[in-house]
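Visitor: I am new to this structure. Please pick out one residue and look at it closely, then carry on from there to other places worth a look.

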Amino acid sequence: MTIPSTSRSPAAGADRPDAPAPLGGDPAHWWHTTEDGRVECELCPRHCRLREGQRGFCFVRVRHDDRLVLDTYGRSSGFCLDPVEKKPLAHFHPGTSVLSFGTAGCNLACKFCQNWEISTSRQWDTLAAEASPRTIAETARDLAATSVAFTYNDPVIFAEYAIDTAWACRQAGVQPIAVTAGYISEEARPAFFAPMAAANIDLKGFTEQFYRRVTGARLETVLDTLRYVVHETDVWTEITTLVIPGFNDSDEELTRLSQWVAGELGPDVPLHFSAFHPDNRMRDVARTPVSTLRRARELARAAGLHHVYVGNVHDTDGDTTWCPGCGTALIVRDWYQILSYRLGPDGRCPDCGTPIPGRWEESPGDFGRQRIPVRI
């Protein structure tokens, strides 16, 4: 059956008035039975139609006893404390820690996937850790993590688990973060993003040909998701583009992508250009040169974007948050370590008063470059 986001009742004790009751357990949402007796998933644009026992493209949503089931609910490939800048988020509580986890499977087929052991996993022993949404939220709070991130594989495919965990985080005073490719249906977007405090959404390229050939998805759906999240929610949003030599690194494509972000979403949405390294089914493609990322950053700034970063390489200028008004360095980073911080909680440049959009504190966190595995 189709479960609209407005059909669930508020949960007692939620810290937002629209917090729903938990979706809970294995039964999936966003599906209906077709006239020919198949079950059609409505979570993502693939609309997989399944007969008994068949799995969707993502592999984790399966028809069982004439209903759709999410069989990774409550199961994870592991937990780790990371710096929030690794997600990457540069304007969201800098320097703080985030409890990160994923499950298995994916609804894209990116040839360059750098978490392919998880996203393409068909072995349930990958999911060695079990934890309820409440347990995850309380663990993050007890570890003094500011946030919980749904990452490693795409949380869209475990939406019910991610949504329940996000609301549990809200109740525990923890900020939920979605790290996603944004390949989600119009019907499911409202419920998925409603509890999220922040999102980093991949914009993997800027041609339909690239999306079809390299990711097995469609560009326009991702653009629609970006428009929705930026303009119709209060989710803090940043964008990442993995720059792949010979595939999406031309001046023309990088300029058009940057112009679209500036024109459609606004000049203050941060854009991250990250370096590709050979992996999965693209091991014969060269690593992205630092010079390519720097060129991409300059093209994006010339297109009108105020906050452009580079990632997966060592580049202090490309990691630094600069004031678009007077050009002063406001947050200087070395990899994920904050070296200096000149913003107050109002997010204004102390020299010229220019507001810097984001989620700021009086002082940054000091989690640094650590990566700490966590057992739950």
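Guide: Apart from its neighbours within four places in sequence, R63 is in contact (heavy atoms within 4.5 Å) with G37, R38, V39, L50, R51, E52, G53, Q54 and L68. The model is predicted, so local features need pLDDT of at least 70 and side-chain atom pairs count only at pLDDT 80 or more, while totals for chains, interfaces and linings use all residues. Residues are numbered from 1 along each chain as its sequence is written, and side-chain values use heavy atoms, with hydrogens and water left out.

R63 belongs to strand β4, residues 61-64. Helices (H or I, at least four residues) and strands (E, at least two) are DSSP runs numbered from the N terminus. R63 counts as buried because its relative accessibility is 9%; buried means under 20% relative accessible area, exposed over 50%, and partly exposed in between, with a 1.4 Å probe and protein chains only. The side chain of R63 reaches the backbone oxygen of G37 at 2.8 Å. This is a polar contact: a pair of N or O atoms within 3.5 Å, where within protein one must be able to donate a hydrogen and the other to accept it, and residues adjacent in sequence count only if both atoms are side-chain atoms.

The charged end of R46 is 3.8 Å from the centre of the F57 ring, and that of R55 is 4.7 Å from the centre of the F59 ring. A charge sits over a ring if NZ of Lys or CZ of Arg is within 6 Å of the ring centre and within 35 degrees of the ring normal.

Rings of Phe, Tyr and Trp (its six-membered ring) pair if their centres lie within 6.5 Å; planes under 30 degrees apart count as stacked, over 60 as edge-to-face and the rest as tilted. The pair of Y73 and Y161 is tilted, because the planes stand at 40°, with the ring centres 5.0 Å apart. Y73 is in the loop between β5 and β6 and Y161 in helix α3, 88 residues apart. Both Y73 and Y161 are buried. F112 and F210 make a stacked pair, 6.5 Å centre to centre with 20° between the planes. F112 lies in the loop between β8 and α1 and F210 in helix α5, so this pair ties together parts that are 98 residues apart in sequence. One aromatic cluster is formed by Y73, F79, F101, F150, F158 and Y161.

F101 is also among the contacts of A149, which include K87 and I177. A149 lies in strand β10, residues 147-150, and counts as buried because its relative accessibility is 0%.

β10 is among the elements covering the buried residues of helix α2, as are β7 and α3. In α2, P133, I136, A137, T139 and A140 are buried. These residues line one face of the helix, because they fall within an arc of 165° seen down its axis; the arc is that of the directions from the helix axis to the C-beta atoms. On the other side of α2, R134 and D142 are exposed. Just after α2, A144 has a positive phi of about 65°.
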